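Hi everyone, thanks for coming.

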Amino acid sequence: MGSGLSSSYMNTLNSSCITETMLHSNITDSVTGGLNLSVDFDSPVDYLIFIFQFLFATTAVLVAGPVVITILVTRALRLQNRFIFMLNTSICDTLVGFSVYYVGLFDVQEGYPSRNGTYNMLGSLLGVNIMTFLFAQFDRYFAVCHPFIYTRFITRRVVISANVYCWFHVYFQLIITNFLPLSKAIQLYVFSIVTLQVIVFTKVVMTIKLYVVARFQLERDPPSAEKESNKESLKIIIFVVISFLVLWCPSFVNIVLRLVIGRGLTFKNEATNLFAIMARFNAVCTPTVYLWGSPALREAMVRTVWGRVCPRCKRRIGSCPTKGNRKGRPMKIH
């Protein structure tokens with residue numbers, strides 16, 4: 001419950017502390033019905049912010065989107081449970097990229113009172129990722145440490161149901177909360193902060209546990225394709241969770257500071273919110289880690305996406321000489 005609500009109200013406390021001048025601006029905008037850009041273009045910094053937001057949105061879509069397409073069209077990947085979790089988070093990351101075209105380029109402030117907001121629908125995508133990563137960690141733990149139980153009970157249908165539940169959990173709570181009075185919504189937000197601390201602690205413990213498994217337990221197993229696959233999947237989930245927490249926690253800490261001691265940073269809108277930008281940067285970081293850690297995903301993407309967009313690039317990758325292939329014969333991508 002905490003992940004969905006906390007991501008939904010990530011900007012609630014910041015928005016509630018908006019000054020009277022900004023409130024007057026909100027009323028004026030609502031009367032005129034205009035949608036201003038995120039910056040005024042009065043200084044070079046404004047131009048840099050606007051260009052950065054556009055490039056960031058485009059990068060997120062072009063990095064996460066192909067991962068979604070690759071997994072969907074490649075049956076060998078879809079049959080593996082770990083790629084189902086990758087697919088779910090990559091869908092979220094792609095939608096985050098598209099959302100930046102709105103929250104990053106226009107004057108948008110989520111929360112209460114909101115300004116051109118989306119009722120936290122876009123911000124809640126981070127909550128879906130938090131839930132998905134947690135399920136993925138437990139999936140990898142049982143797959144490696146309890147393979148017999150995993151093979152018998154953790155079927156593909158169970159994994160798909162867990163991913164669907166992540167969306168239902170977050171957005172069902174968000175819809176219910178949007179119909180509550182502001183005072184009740186704030187109370188739920190406080191409760192979600194406490195619950196989220198438990199979830200984050202669980203993720204940290206699971207990350208340490210998975211690292212110990214990857215570092216010591218798998219090293220004792222005899223060489224096999226299954227061992228390499230397990231090592232690869234553990235490496236990916238460990239790096240993804242660590243990077244997600246590093247980029248997301250500053251925003252969480254800022255919210256807690258404003259909630260507990262009434263201090264913290266406030267920003268003009270989502271485009272200038274440094275902490276929100278860091279959290280959204282996971283939309284680029286996460287699929288990049290997937291591509292870095294999974295040769296099978298890279299090979300499938302070259303074949304199904306970029307190889308079709310740029311056949312010359314596909315031939316170049318396929319014919320690139322390596323240390324063991326000095327004559328430039330086609331190299332098999334692992």
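Leaving out residues up to four places away in sequence, Glu219 touches Ala214, Lys227 and Lys231. Take Lys231, which is 12 residues from Glu219 along the chain: the two C-alpha atoms are 9.3 Å apart. Where is Glu219? You'll find Glu219 in the loop between helix 10 and helix 11. Glu219 has a relative accessible area of 43%, so we call this residue partly exposed.

One thing to say before going on: what you're looking at is a predicted model.

Now zoom out. How many helices and strands does the chain have? The count is 15 helices and zero strands. There are 334 residues in the chain, and 47% of them are buried. And if you take the contacts with a separation of 6 or more, 78% are between residues 24 or more positions apart.

When we talk about two packed helices, we give the angle between their axes and the distance between the axes. For helix 10, residues 182-217, and helix 11, residues 225-260, the angle is about 155 degrees and the axes are 10 Å apart. Angles over 145 degrees count as roughly antiparallel, and that's why helix 10 and helix 11 get that description. Their crossing is left-handed. What is the contact of helix 10 with helix 11 made of? By class, there are 21 nonpolar residues, two polar and one charged.

While we're on helix 11, have a look at Trp248, which sits in that helix. Is Trp248 buried or exposed? Its relative accessibility is 1%, so Trp248 counts as buried. Met278 is 30 residues away from Trp248 along the chain, with 6.5 Å between their C-alpha atoms.

Next pair: helix 7, residues 125-145, and helix 9, residues 156-178. Their axes come within 9 Å and cross at roughly 150 degrees, so helix 7 and helix 9 are roughly antiparallel too. The crossing of helix 7 and helix 9, though, is right-handed. On the helix 7 side the contact includes Leu125, Met131, Phe135 and Asp139, and on the helix 9 side it includes Val159, Tyr165, Trp167 and His169. By class, this contact of helix 7 with helix 9 has 11 nonpolar, four polar and one charged residues.

Side chains of opposite charge can pair when their charged atoms come close. How many salt bridges does a search of the whole structure find? Five. One of them joins Asp139 to Arg140, with the closest N and O atoms 2.8 Å apart, and both Asp139 and Arg140 are buried. Another joins Arg115 and Asp107, where the closest N and O atoms are 3.0 Å apart. Arg115 and Asp107 are both buried as well.

Last one: Asp40 pairs with Lys268, with 3.5 Å between the closest N and O atoms. As for Lys268, its relative accessible area is 38%, so it's partly exposed.

Terms used: Residues numbered from 1 in each chain as written. Predicted model: local features only at pLDDT ≥ 70, side-chain atom pairs only at ≥ 80, totals over all residues. Heavy atoms only, no water. Axes fitted to C-alpha atoms, helices over the stretch in contact; angles between N-to-C directions. Helix = DSSP H or I, 4+ residues; strand = E, 2+ residues; numbered from the N terminus. Parallel < 35°, antiparallel > 145°, perpendicular 65-115°, else oblique. Left-handed = near helix turned anticlockwise from the far one by under 90°. Contact = heavy atoms within 4.5 Å. Nonpolar A, V, L, I, M, F, W, Y, C, P; charged D, E, K, R; others polar. Salt bridge = Lys/Arg side-chain N within 4 Å of Asp/Glu carboxyl O. Buried < 20%, exposed > 50% of the residue type's maximum accessible area, 1.4 Å probe, protein only.
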